Amino acid sequence: MSVTIKSANEIELMREAGRLLEIVHKELENAIRPGISTWELDHLGEKTIRSLGCVPNFLNYNGYPASFCISINDEVVHAIPSKHRYLQEGDIVSIDAGLIYKGMHSDAARTHAVGQISPDAQKLINVTRQSFFEGIKKAVDGGHLHDISNAIADYVEPFGYGIVEDLVGHGIGHALHEDPQIPNFRQKRKGIRLMKGMTLAVEPMINIGRPDVEWLDDDWTVVTADGSLSAHYENTILITDGEPEILTLGHV
Ligand code: MF3
Ligand code: CO
């Protein structure tokens with residue numbers, strides 16, 4: 001395993017890759033409404049990425065056929081946009097997005113409500129988002145990787161939710177997926193030591209029910225095994241001297 005430390009120049013490019021990705025996420029969030037197809041969202045998002053002078057990094061990644069993953073309700077992640085799949089009032093929809101700007105990648109995911117949703121669904125979205133912020137409190141120079149994982153688990157477990165174990169966060173930079181892998185569930189070992197200049201995508205995936213997931217026949221879509229709702233929240237972050245810098249949030 002080799003975890004890279006980014007140079008000042010690489011970090012500057014990743015900041016911009018992050019800021020541009022936020023613009024894409026805002027655009028898609030504003031387009032969410034009952035009746036829109038996930039293909040239309042993908043199409044709009046891809047147009048936005050390209051108009052910003054960037055390239056979608058998910059498209060063709062290991063043969064992935066779209067620019068975004070748009071996962072509804074019990075779909076955890078990696079659902080392929082489709083002309084035949086429409087958002088409905090009461091759904092929760094997870095949009096996972098990434099782009100390449102001047103050779104550097106950014107990656108971020110959000111779960112949104114479609115119209116009015118149940119209090120249980122809203123709570124899942126809120127807890128999933130907050131678990132990211134709890135986790136990155138431990139994303140500090142000199143800390144250990146698994147402090148992040150355990151902070152997420154400490155926060156989520158009391159709610160009785162299932163933390164997905166089959167998919168994890170990752171390093172990011174010149175590639176979408178770099179070392180290290182970043183689990184969101186409890187770890188016995190410490191993991192690598194975190195250092196200033198590392199760039200990581202931290203991305204808890206949380207189910208209302210059991211943590212177990214299954215793959216659909218398209219070989220991409222991950223769903224909860226028990227059919228319960230699932231939420232996803234992800235940002236690309238930079239380890240610094242102090243608090244981590246979130247590259248994909250708060251700049252637009
Ligand atoms: N954010 C996702 C991840 O880190 C990327 C989607 S995988 C792709 O796994 F194949 F769709 F690109
Ligand atoms: Co990711």
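This is a predicted model: local features need pLDDT of at least 70, side-chain atom pairs count only at pLDDT 80 or more; totals for chains, interfaces and linings use all residues.
Three strands make up an open sheet, in the order β6-β10-β13, and their pairing is antiparallel. Each of the strands β6 (162-163) and β13 (230-232) has a single partner, so they stand at the edges with one side left without a neighbour in the sheet. If you follow β6 to its partner, you will find two bridges joining it to β10 (residues 205-207), with the two strands running antiparallel. To see one residue pair, look at G162, whose bridge partner in β10 is N207. Now bring in a helix: α3 (residues 119-136) lies across β10 and β13, and runs at about 35° to β13.

Next, have a look at the cobalt ion (ligand 2). Its protein donors are D107 (OD), H170 (NE2), E203 (OE) and E234 (OE), at 2.1 to 2.3 Å from the ion. E203 sits in the loop between β9 (199-202) and β10, while E234 sits in the loop between β13 and β14 (235-238), so this pair ties together parts that are 31 residues apart in sequence. Along the chain, the spacing of the donor residues reads D-x62-H-x32-E-x30-E. E203 counts as buried because its relative accessible area is 7%, under the 20% cut-off. E234 is buried too, with a relative accessibility of 0%.

Finally, turn to H112, which has its place in strand β5 (residues 104-113). With 11% relative accessibility, H112 is buried. Leaving aside residues up to four places away in sequence, H112 touches E29, I32, D91, I92, V93, I95 and I125.

Note on methods:
Residues are numbered from 1 along each chain as its sequence is written. Chains are lettered from A and ligands numbered from 1 in the order in which they are written. Side-chain values use heavy atoms; hydrogens and water are left out. Two strands pair if DSSP finds at least two bridges between them. Helices (H or I, at least four residues) and strands (E, at least two) are DSSP runs, numbered from the N terminus. Contact means heavy atoms within 4.5 Å. Axes are lines fitted to C-alpha atoms, for helices over the stretch in contact, and angles run from 0 to 180 degrees between N-to-C directions. Buried means under 20% relative accessible area, exposed over 50%, partly exposed in between (1.4 Å probe, protein chains only). Donors are N, O and S atoms within 2.8 Å of the metal (3.2 Å for Na, K and Ca); water is not among the atoms, so sites may look incomplete.
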